[in-house]
Amino acid sequence: MRLTFAADLRLADKTPRNSLIVSTLYKVFPNAQFVFIQRDGRDAALSLSKKPWYQNQTKDSGLKEPSGYMFGPQARFWVEPERAEEFENTSDIHRCAWIWRQYVEHILAAKIKIPANQFYELRYENLVTNPIHEANCLLDFLGISMPRSRNIFLDFITQNASPNSIGNWKKELSDEQAYQVDREIGTLLRALGYDDHG
């Protein structure tokens, strides 16, 4: 950005795994702003389970995910050591719910160390059902006031926000899968205000 004199631009990163190192990121970038997009963990797990990164069937594919980890169910550094074997041998949907829980728990633990004016929580379900309002609130938090920049973002949100992405877990998860997911993340879901019906 310095080379191109694009002083009105700012660096943004949306790597989900960064949820695990928010405290460190805040120490390295003390002026950073953090946006936590909170989504129903059942829908998040369902969406993630459709990607090849953690699937049982990709275990020996030799492929790597964007961050360099091999595809497959092998336990990553953030899996509780005493549960590593369980993580590697469970279903894809359970593994992905587990990942969601780890991300969210780490974010909530880091949140208490970050000033309120640098941490913003945005509920995904609110964003896709009321995109203009939620997007404007986010832009205000970020301090983005230039009309052109705001309009670009608002146009993007309105074109891409889809309420059809809410509650898919109710249609696609079997009773057994829903039970397995609830055992892993049900307590956290309810603490975040997600009831049994989504």
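Aspartate 40 counts as buried, at 2% relative accessibility; buried means under 20% relative accessible area, exposed means over 50%, and partly exposed is in between (1.4 Å probe, protein chains only). Aspartate 40 lies in the loop between strand 1 and helix 2 (41-49). Its C-alpha atom is separated by 24 Å from that of phenylalanine 77, 37 residues apart from it along the chain.

This is a predicted model, in which local features need pLDDT of at least 70 and side-chain atom pairs count only at pLDDT 80 or more, while totals for chains, interfaces and linings use all residues. Residues are numbered from 1 along each chain as its sequence is written, and side-chain values use heavy atoms, with hydrogens and water left out.

Strand 1 itself covers residues 34-38 and contains valine 35. Valine 35 is partly exposed, with a relative accessible area of 35%. Leaving aside neighbours within four places in sequence, valine 35 is in contact (heavy atoms within 4.5 Å) with Tyr120, Leu138, Phe141 and Leu142. Glutamate 125 is 90 residues apart from valine 35 along the chain, and the C-alpha atoms of the two are separated by 15 Å.

Now consider the whole chain. It has 9 helices and 2 strands, where helices (H or I, at least four residues) and strands (E, at least two) are DSSP runs numbered from the N terminus. In order from the N terminus, the elements run α-β-α-α-α-β-α-α-α-α-α. The radius of gyration of the chain is 18 Å, close to the 16 Å that the globule rule gives for 198 residues, so the chain is as compact as a globular protein of that length. This radius is taken over C-alpha atoms, and the globule rule is 2.2 Å times the number of residues to the power 0.38. Along the principal axes, the C-alpha atoms fill a box of roughly 50 × 35 × 35 Å.

Of the 198 residues, 38% are buried. Among contacts between residues at least 6 apart in sequence, 62% join residues at least 24 apart.

How many disulfides are there in the chain? A disulfide is a covalent bond between the sulfur atoms of two cysteines. Here it is counted as a pair of cysteine sulfur atoms within 2.5 Å, and by this rule the count comes to 0. Cysteine 96 is buried, with a relative accessible area of 2%, whereas cysteine 137 is partly exposed, at 27%.
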